[in-house]
Amino acid sequence: MNIPISTDLSKIREKKGFICDMDGVIYHGSRLLDGVQDFVDWLQRENKHFLFLTNSSERSPKELSLKLSRLGLTIDPSHFYTSALATASFLSSQCPGGSAYVIGEPGLTGALYDAGIMMNDYNPDYVVVGESRSYSYEKIEHAIHLVLNGARLIGTNTDITGPSERGILPACRALIAPIEMATGRNAYYIGKPNPIIMRHAMRRIGLCREETAIIGDRMDTDIVSGIQTEIDTILVLSGVTGEKELMEMPYKPNYILPGVGHIPPLQ
């Protein structure tokens, strides 16, 4: 089976807004993907509404803006929304002034602090797990102890793996799995495809679903999020999903493209 690449993009180009994943769509690690510069230039030139919506919880919107700036793209932090921000918003609405033991990076802890959630490694309301470079057996052991003593288990997203310059790396759900298995407790995941983060994204982009499309490289998060939100879906083959994953899924995207550089019309 050859993957059927979409050729008629007239309806997509007429969309007023785009919700766009980042890892595997815009970059791999610190490498900007082919065609991304042309895509961003087109968004800005055509005055499109756009939001970069990432399941990664490691960086804040300002850090993501600075990262893209180092890669040659000038994008204001207001165009970014992360699973860390959605997680912080959810916890503050569920337990105002609550506390959490966090396994994650500064983008997650900063979002929680800003939402009024305090760090607590003794008797927290929540154990929150996101992507982390400082993952350790000691942290897993402590998280298990806290969950068994009543803390509720939260994952920032359901991604098992993520793309990088070196290939596939473990992501949030792979990191949280030992805690789930040892405690017998299932985590509640906030990022895509949870409708919570999609509702936040739609409010931020300020358009109705008919005017919006979502672009992503994952069938199990990006594309199913669009289907559940009833917005058009664009799968790009520059990240995780390939022919095998497409065949296994019981649903399909509206459009399939090699990368976002194919969306702008040829000049």
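View 1. Phe39 is buried, with a relative accessible area of 0%, where buried means under 20% relative accessible area with a 1.4 Å probe and protein chains only. Phe18 is likewise buried, at 0%. This is a predicted model, in which local features need pLDDT of at least 70 and side-chain atom pairs count only at pLDDT 80 or more, while totals for chains, interfaces and linings use all residues. Residues are numbered from 1 along each chain as its sequence is written, and side-chain values use heavy atoms, with hydrogens and water left out. Rings of Phe, Tyr and Trp (its six-membered ring) pair if their centres lie within 6.5 Å, and planes under 30 degrees apart count as stacked, over 60 as edge-to-face and the rest as tilted; by this rule there are six aromatic pairs. The ring centres of Phe18 and Phe39 are 6.4 Å apart and their planes stand at 80°, so the pair is edge-to-face. Because Phe18 lies in strand 1 (residues 17-20) and Phe39 in helix 2, the pair ties together parts that are 21 residues apart in sequence. Helices (H or I, at least four residues) and strands (E, at least two) are DSSP runs, numbered from the N terminus. Ring pairs link Phe18, Phe39 and Trp42 into a cluster.

View 2. Ser65 counts as buried, because its relative accessibility is 11%. Its side chain reaches the backbone oxygen of Ile75 at 2.6 Å. Apart from neighbours within four places in sequence, Ser65 is in contact with Ile75, Asp76, Pro77 and Phe80, contact meaning heavy atoms within 4.5 Å.

**View 3. Helix 9 (residues 219-229), which is mostly covered.** Eight of the eleven residues of helix 9 are buried, namely Met219, Thr221, Asp222, Ile223, Val224, Ser225, Gly226 and Thr229. The elements that cover these buried residues include helix 8 (195-205), strand 13 (212-216), strand 14 (232-236) and helix 10 (243-248). Just after helix 9, Glu230 takes a positive phi of about 65°.

**View 4. The lining of the second largest pocket.** Ten residues line this pocket, and of these Asp38, Gly261, Pro264, Pro265 and Leu266 lie nearest its centre. A pocket is an open set of points on a 1 Å grid over the protein atoms alone, where a 1.4 Å probe fits, with protein on both sides within 12 Å along at least five of seven lines, and lining residues have an atom within 4 Å of a point. Helix 2 (residues 36-45) gives the most to the lining, with three residues.

Conventions: Buried means under 20% relative accessible area, exposed over 50%, partly exposed in between (1.4 Å probe, protein chains only). A polar contact is a pair of N or O atoms within 3.5 Å; within protein, one must be able to donate a hydrogen and the other to accept it, and residues adjacent in sequence count only if both atoms are side-chain atoms.
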